[in-house]
Amino acid sequence: MWDGIIVGGGLAGLLAGIRAAERGKRILMISEGVGSLTYSSGVIDFGNVAQLVRQDKHPYALLGESIVRNGADYFQAHFPDYHGKWREVQTVLTPLGSPRKAGFIPNGLNAQVLHDAHLIVLMAPEGMKDFFPKVTKANLERAYPQCVVKVHPFRLDAFESWHTLGKPVNGMDYTKYWRSASGTGALKGVVNSLNQELDEARSDPADPGKSVVVFPGLASAFSNSIKEVLSDLPFPVVEMTAFPPSASGHKLYDALKETFGALGGELMVGTGVKQVEIQGKRCHKIIVKSKGKDSEFSARSFVLATGGVFGGGIEVTPEASKEMVFGLPLYVPDEWTNSEFLGDQPYARIGIEVDRELRPIDSKLNEVILENVQVIGRMIAHWDPWVEHCGGGVSLASGWFAGETM
Ligand SMILES: Cc1cc2nc3c(=O)[nH]c(=O)nc-3n(C[C@H](O)[C@H](O)[C@H](O)COP(=O)(O)OP(=O)(O)OC[C@H]3O[C@@H](n4cnc5c(N)ncnc54)[C@H](O)[C@@H]3O)c2cc1C
């Protein structure tokens, strides 16, 4: 028998698994896919914690500020490649070069230094998919009007055959290449040529200011070789976030998975739950379909971390909405959408209502439905990651709490 089974291996599930495994629990994680981190920029936003802890039914209000903070501190202690201070915001560049506020950010993304720059050199890997140097340059000029922005195109031999075949090269391909032995050498070549150019600019009396290089598709977090190349440079490099698939999000996912495995956690990816066995108010067993056959797993406690509508944990059809593992009742707002495109969209708040222990409740009867099941991350009702900017924060807080208490 397992101490705990976590269904869903995204940010929330993995953090819960890491904390529980670290506490000496035998944890099995069952996940159909890799989770939404691989689409996201890898940035962890917390939103306005002071305000959200006072917002009726919000996960932060149920957990309280100290638990939100514990989740954040715990994450940062395990992943020092993430920078940021509790309740302080930082600036990162969007994939189009506009600055935006963020909570914890991967190494290399801090764009604060651009405020003091006079020259921005925008690195432009030729033919990189979903990177638009002209738009990015215009946005940088708008955001940092004190700066001259120069575009520095470059082309790599490694992708010549891709260009010839018309095969797109995206940011992930560049990141993978920079991390290889030959890629690290090529990166040194690219930045050293830039070094000479910037030396000339610095010696120009008309341009005495600080030069900063903006680099898309780099993702130095979790890569000692890239960090080493960058640390030797006499100018700061600011990395950009990327459109999905995002290298930074992928690298965080890999790091979480590795940490969970290193602590003895068992992860089955590509496996969905077929059935659960419930007696009274407790779940005893989970049946999964794996490699064409059914396998049964028993545990003392269970965590549901299946990512809401986006993650696949909630199926929405025109007729009904359904929680896919335990068949738990869902909070579904009366009004589904808001005609204001960028406004608060009620459907984002769909999810399972929980008590302060994160157990699913029947809110009409005010009763816990399953005593040994906790619900975390996007599966919890009454919050909106897009409007409240707290997607990563809720996953860390609820994931940490489940890992601490399961
Ligand atoms: C495009 C995008 C951009 C984002 N950008 C940001 C950002 O900039 N800042 C920020 O803070 N947050 C951002 N977020 C939100 C943040 O990434 C999510 O809130 C958070 O990752 C949700 O984590 P989760 O673990 O709850 O769900 P998920 O990451 O979705 O993980 C759910 C997991 O459950 C698995 N699963 C689903 N159903 C089953 C089943 N029946 N059986 C087994 N496994 C199952 C899925 O395969 C998946 O692995 C973004 C999200 C998206 C989608």
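**Notebook: a predicted model, residue by residue**

I began with Leu119, which lies in strand E7, residues 117-125. The model I am reading is predicted.

Next I looked up Leu119 together with Lys150. They are 31 residues apart in sequence. In space, their C-alpha atoms are 7.6 Å apart.

**Cores**

Which residues of the largest nonpolar core touch the most other members? I found Ile5, Ile286 and Phe326, in a core of 72 residues. Helix H1, residues 11-22, gives the most to this core: seven residues.

I then noted a second, separate core of 42 residues. Leu140, Tyr144, Phe154 and Val190 are included in that one.

I went back to Ile5 and listed what it touches, leaving out residues up to four places away in sequence. Among them are Leu28, Ile30, Ile286, Phe297 and Met406. Ser298, Ala299, Ser301, Phe302 and Val303 are also on the list.

**The ligand**

How many residues surround the ligand? I read 37, and the closest are Gly33, Ser36, Asp45, Arg378 and Gly392. By type, the shell divides into 13 nonpolar, 20 polar and four charged residues.

I checked which elements supply the shell. H1, strand E2 (27-31), strand E12 (272-279), helix H11 (308-311) and helix H13 (391-405) each supply at least two residues. H13 gives the most, with three.

Then I looked up distances to oxygen atoms of the ligand. A polar backbone atom of Gly392 is 2.7 Å from one. For Ser31, a polar side-chain atom lies 3.0 Å from a ligand oxygen. For Leu11, a backbone N or O atom lies 3.3 Å from a ligand oxygen. Taken alone, the ligand exposes 1,000 Å². The protein buries 91% of that area.

**Ser398**

My last stop was Ser398, found in helix H13. I have already noted that H13 gives the most residues to the ligand shell. Is Ser398 buried or exposed? With a relative accessible area of 0%, Ser398 is buried.

Which residues is Ser398 in contact with, beyond its neighbours within four places in sequence? I wrote down Leu63, Leu358, Ile376, Gly377 and Ile380. For Gly377 I also have a distance. Its backbone nitrogen lies 3.0 Å from a polar atom of the Ser398 side chain.

Methods:
Residues are numbered from 1 along each chain as its sequence is written. This is a predicted model: local features need pLDDT of at least 70, side-chain atom pairs count only at pLDDT 80 or more; totals for chains, interfaces and linings use all residues. Side-chain values use heavy atoms; hydrogens and water are left out. Helices (H or I, at least four residues) and strands (E, at least two) are DSSP runs, numbered from the N terminus. A nonpolar core is a set of buried Ala, Val, Leu, Ile, Met, Phe, Trp, Tyr and Cys residues joined through side-chain atoms within 4.5 Å. Buried means under 20% relative accessible area, exposed over 50%, partly exposed in between (1.4 Å probe, protein chains only). Contact means heavy atoms within 4.5 Å. A residue is near a molecule or strand if one of its heavy atoms lies within 4 Å of it. A polar contact is a pair of N or O atoms within 3.5 Å; within protein, one must be able to donate a hydrogen and the other to accept it, and residues adjacent in sequence count only if both atoms are side-chain atoms. Accessible areas come from the Shrake-Rupley method with a 1.4 Å probe; for residues, only the protein chains shown count as cover. Ala, Val, Leu, Ile, Met, Phe, Trp, Tyr, Cys and Pro count as nonpolar, Asp, Glu, Lys and Arg as charged, and the others, Gly among them, as polar.
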